[in-house]
Amino acid sequence: MAFISESFVTQLKETSNIVSVISRFVPLKKAGRNFLGLCPFHQEKTPSLAVNEEKQIFHCFGCGLGGNVFTFLMHYQRLSFPEAVNELAQFLGIAVPTAVLSREQEAENRQRDELRAIHQLAADFYHRQLMSPQGGRPGREYLRRRKMTREVIEEFTLGYAPDAWDRLAQFLHQQGLDPSRIEQSGLVIRKDQGGGYDRFRNRLIFPIWDEKKRVVAFGGRTLGDENPKYLNSPESVIFNKGRSLYGLPQALPVIRQERQALIVEGYFDCLSLHLHGFKQTVATLGTALGAHQVRRLKGMAEELILVYDGDSAGRQAALRSVAIFQEEGVSARIKVLPPQADPDSYLFQVGAERFAVELRQSVPMMVFFLEQHLEGVSGDIQDRLRALEKVLPTIQSLAAAEQAYYVKLIGERLTLSETAINQMLRAKGQANPAARIAEKIKGEQVKGLEWRIIEALLRIPQAPERLLNQDLQNVMVGLEAVQVFKAITQTVKEKGALDLVWLLEGLENQTLKSRVAALALQEFIDERDQESFLQDLLKTLELRAIRRRERSLLQAIQDQERQGMTSELMALLERKQDLLKQRKQLLAPMKN
Ligand SMILES: [Zn+2]
């Protein structure tokens, strides 16, 4: 919190709505008092992410993550707290006061801004080169051969890096930019004897954007015979290859609208799909599809379809991504093209209409996975068992209903009985990880009196008033309970009520944050439940107090007894009788 002005954070907390923030990334449906959606933080197929508008908190009952709007943004977009504050401010259209950032953060931001500015200048430069009547001819002719239209060229601001050593370097220096920044951009490579030369020469240029449509890198395809055929910008503070998706800002609105994303492997594949009207297409940048990229898309699309080359490298790449989809709990389908076809050429060959039909017929990821492993397995029992061994771990991670479906399918393909396959599955180990996590969380929840008190404080509006005046010193003993309890009393003191958003902000430990959110989101059936929960709790507290007094009384009685029957002893014994009566009274109505 150090560098953020408290009042600005307060302003954000009070003006933001967690439901509208989260539903930017995850479709939410109203269910009772909560909104439910598929959790983006763990693999799942049935929604366990609960978002509560009234309390302005979220919690996932699957993986246990929970907190307020900042917690969500920090985890979803992997941001620091100050970054999450900025992100939220931007979303709400509120200007961030400059004092919000520390000096280092400001320097970092400035560096990023300057690098992006250099990239934007370079993108414009390359594009102007492509469009210049003389100089841009090689690039334009190449694009004509690949059947790219003017519209696509403009939409993706394609460019051309001239066949010369330092045209971009010269241009950037003329703009009066800091030479060390230019070098940091990676677009100009420094020569030992001073000066520099352009990274991209005689190449067609594909600007790569982040999702806010800021140019952060370039891809370049050679127009000569140079190797490599494709060259990318080096990684930098603004560019991470494994996290970037080519075409994301162009595709985003359509992905959100269609609830579907197509993923291809190359720039031209991506452009070709856009050109044929499949504007929900993005491409990886010459690396295997990674978890970060899937995560980027999974909140926005219900379905991801991989469209890969028909060659064996394409099949291998598709097969590798199965594990990632599984881990991320995303339902995906795979369209593998015929051998020797790539999406770019294939679309021009079959046309958009035919391709749309084929997309609808693309196979679920798991079917593809099984086909690849079970194809060509001989009738030999050893071979069949080996094939089974290979696919079992993947089948094991599926939800029960799906598992049953695929066990049947495997049984048919390998001519093995379903019972035998199920036995092997069980032998492999117990339930899937998600179920185990859920169980763990259930086990962790509310054990003992201290957590029941915290639960009441979190869930029952009238509880703070009636519980916080009790002497709870002796009850709150566990380290974590004490932390939460302290934060609760602090919040009530400062805000005059139990404001959950504030409470969560005050807890630094994410496990505790999640736990608090989980408790706060459980619902009572009606108000009578709340009242009786509270009554029971108060009664228990009173009983404990009586027992404590009884114990110390007993000690005093034993001390007195050594001195014979005194009047003090008589008084003590009387009080003991009183306490016993009180205890009985308290216990009596509890029994019925
Ligand atoms: Zn989760």
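The structure is a predicted model. The domain assignment divides the chain into domain 1 (6-100), domain 2 (104-232), domain 3 (248-370), domain 4 (376-433) and domain 5 (442-585). The centres of domain 1 and domain 2, taken over C-alpha atoms, lie 37 Å apart.

**Helix pair α17 and α18**

- Helix α17 covers residues 381-396, and helix α18 covers residues 400-414.
- Their axes come within 12 Å and cross at roughly 165 degrees.
- Angles over 145 degrees count as roughly antiparallel, so α17 is roughly antiparallel to α18.
- The crossing of α17 and α18 is right-handed.
- On the α17 side, the contact is made by R384, A387, L388, V391 and I395.
- On the α18 side, Q403, Y406, V407, I410 and L414 take part.
- The contact of α17 with α18 has eight nonpolar residues, one polar residue and one charged residue.
- An α-helix has 3.6 residues a turn, so residues three or four places apart point the same way.

- L385 has 15 other C-beta atoms within 10 Å, so it counts as partly exposed.
- L385 and L414 are 29 residues apart along the chain, and their C-alpha atoms are separated by 8.5 Å.
- T415 lies in the loop between α18 and α19 (418-427).
- The phi of T415 is near 40 degrees, which is a positive value in a residue other than glycine.
- Is T415 buried or exposed? With 9 C-beta neighbours inside 10 Å, T415 counts as exposed.

**Helix pair α21 and α23**

- Helix α21 spans residues 448-459, and helix α23 spans residues 479-495.
- The two axes come within 10 Å and cross at roughly 30 degrees.
- Angles under 35 degrees count as roughly parallel, so α21 and α23 are roughly parallel to each other.
- α21 passes α23 in a left-handed crossing.
- From α21, the contact uses E450, W451, I454 and L457.
- From α23, it uses A481, V484, F485 and I488.
- By class, the contact of α21 with α23 has seven nonpolar residues, no polar residues and one charged residue.

**Helix α14 and its cover**

- Helix α14 runs over residues 343-350.
- Which residues of α14 are buried? They are P343, D344, Y346 and L347.
- The cover over the buried residues of α14 includes β12 (260-264), α11, β14 (303-308) and α15 (352-360).
- G351 follows α14 and has a positive phi, near 85 degrees.

**F278, in a loop**

- F278 lies in the loop between α11 (267-275) and β13 (281-283).
- F278 is buried, because 24 other C-beta atoms lie within 10 Å and the cut-off for buried is 20 or more.
- Not counting residues up to four places away in sequence, F278 touches L262 and L273.
- F278 and I381 are 103 residues apart in sequence, and their C-alpha atoms are 45 Å apart in space.

**Y197, in a strand**

- Y197 belongs to strand β8 (residues 196-198).
- Y197 counts as partly exposed, because it has 15 C-beta neighbours inside 10 Å.
- Leaving aside neighbours within four places in sequence, Y197 is in contact with W165, D166, A169, V188, I189 and K191.
- Y197 and G64 are 133 residues apart along the chain, and 52 Å separate their C-alpha atoms.

**Backbone details in two loops**

- Where does P228 lie? P228 is in the loop between β10 (215-222) and β11 (230-232).
- The peptide bond from N227 to P228 is cis, with omega near -5 degrees.
- Q56 lies in the loop between β3 (49-52) and β4 (57-60).
- The phi of Q56 is near 60 degrees, a positive value in a residue other than glycine.
- Q56 is buried, because 21 other C-beta atoms lie within 10 Å.

Key: Residues are numbered from 1 along each chain as its sequence is written. This is a predicted model: local features need pLDDT of at least 70, side-chain atom pairs count only at pLDDT 80 or more; totals for chains, interfaces and linings use all residues. Domain bounds come from an automatic or database domain assignment. Axes are lines fitted to C-alpha atoms, for helices over the stretch in contact, and angles run from 0 to 180 degrees between N-to-C directions. Helices (H or I, at least four residues) and strands (E, at least two) are DSSP runs, numbered from the N terminus. Angles under 35 degrees count as roughly parallel, over 145 as roughly antiparallel, 65 to 115 as roughly perpendicular and the rest as oblique. A crossing is left-handed if the near helix is turned anticlockwise from the far one by less than a right angle, and right-handed if clockwise. Two residues are in contact if their C-beta atoms, placed from the backbone, lie within 7 Å. Ala, Val, Leu, Ile, Met, Phe, Trp, Tyr, Cys and Pro count as nonpolar, Asp, Glu, Lys and Arg as charged, and the others, Gly among them, as polar. A residue is buried if 20 or more other C-beta atoms lie within 10 Å of its own, exposed if 12 or fewer, and partly exposed in between; C-beta atoms are placed from the backbone.
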